[in-house]
Amino acid sequence: MPKLSSQPATFAALDKLGTETLLLFIHPDRRPLAGAAALVDWRLCGALSQALMDGGLTGKVGEQLMMPTHHRVGSTRLILRGAGPIGEKLSKAELEEALKAAHRAGAEDLGVQLPENIADDGALQALKAYPGQKICVVGPPPGLQNKLGS
């Protein structure tokens, strides 16, 4: 089981994240971006918003886009992953697959902003199944924050 922790979704916390990869979930019906995704988009001069406007990523479940962070946040690379519409629950299996895909891409240490459309219990189970060394949840929902370290 990986070491689990959490941090708030703030610029200061993102700067100190210290993970190889940051995984952000994108919803097709969430514009403007929110939480850590909005902060990272600002730090990357709108690169996430541009990818969405260009159609390189729409937020459909399973879509994935990797990009460098140019050292503008505390992770070397960024993975954007589609999570589907907020009103449609993302399954625990889909979250587990996203985490495994990040690990296959070389992420031993992972920062993640969880999708808005997953239940806390399913999220916690998927996080515990992550095959890497550590995982830090950025801006966890209140129900999950108490179950994670800080």
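Student: Is Phe11 buried, partly exposed or exposed?
Tutor: Phe11 is partly exposed, because its relative accessible area is 28%. Buried means under 20% relative accessible area, exposed over 50%, and partly exposed in between, with a 1.4 Å probe and protein chains only. Before we go on: this is a predicted model, where local features need pLDDT of at least 70, side-chain atom pairs count only at pLDDT 80 or more, and totals for chains, interfaces and linings use all residues. Residues are numbered from 1 along each chain as its sequence is written, and side-chain values use heavy atoms, with hydrogens and water left out.

Student: How many aromatic pairs are there?
Tutor: The structure holds one aromatic pair. Phe11 and Trp42 form it, 5.2 Å centre to centre with 55° between the planes, and it is tilted. Rings of Phe, Tyr and Trp (its six-membered ring) pair if their centres lie within 6.5 Å; planes under 30 degrees apart count as stacked, over 60 as edge-to-face and the rest as tilted.

Student: Where do the two partners sit?
Tutor: Phe11 is in helix α1 (residues 11-15) and Trp42 in helix α2 (residues 35-43). They are 31 residues apart, so the pair links distant parts of the chain. Helices (H or I, at least four residues) and strands (E, at least two) are DSSP runs, numbered from the N terminus. Trp42 is exposed, at 60% relative accessible area.

Student: Which residues of α2 are buried?
Tutor: Ala36, Ala37, Leu39, Val40 and Asp41. They pack against α1, β2 (19-26), α3 (47-54), β4 (75-82), β5 (109-113) and β6 (134-138). Contact means heavy atoms within 4.5 Å.

Student: What does the side chain of Gln113 lie 2.6 Å from?
Tutor: A polar atom of that side chain lies 2.6 Å from the backbone nitrogen of Ala36. The backbone nitrogen of Ala37 lies 3.0 Å from a polar atom of the Gln113 side chain. Gln113 lies in strand β5 and counts as buried, at 11% relative accessibility. Beyond its neighbours within four places in sequence, its contacts include Leu23, Phe25 and Val138.

Student: New topic. In what order do the strands of the sheet run?
Tutor: The order is β1-β6-β5-β2-β4-β3, in an open sheet of six strands with mixed pairing. Two strands pair if DSSP finds at least two bridges between them.

Student: Which strands stand at the edges?
Tutor: β1 (3-7) and β3 (64-68). Each has a single partner strand, so one side of each is left without a neighbour in the sheet. The twist averages 20° from one strand to the next.

Student: How many bridges join β3 to β4?
Tutor: Five, and the two strands run antiparallel. Pro68 has Arg77 of β4 as its bridge partner, and Met67 stands opposite Leu78. The hairpin of β3 and β4 has six residues between the strands, and His70 there takes a positive phi near 55°.

Student: Which strands does α3 touch?
Tutor: α3 packs on the sheet against β2, β3 and β4, and its direction makes about 145° with that of β3. Axes are lines fitted to C-alpha atoms, for helices over the stretch in contact, and angles run from 0 to 180 degrees between N-to-C directions.

Methods
Polar contact = N/O pair within 3.5 Å; in protein donor to acceptor, adjacent residues only side chain to side chain.
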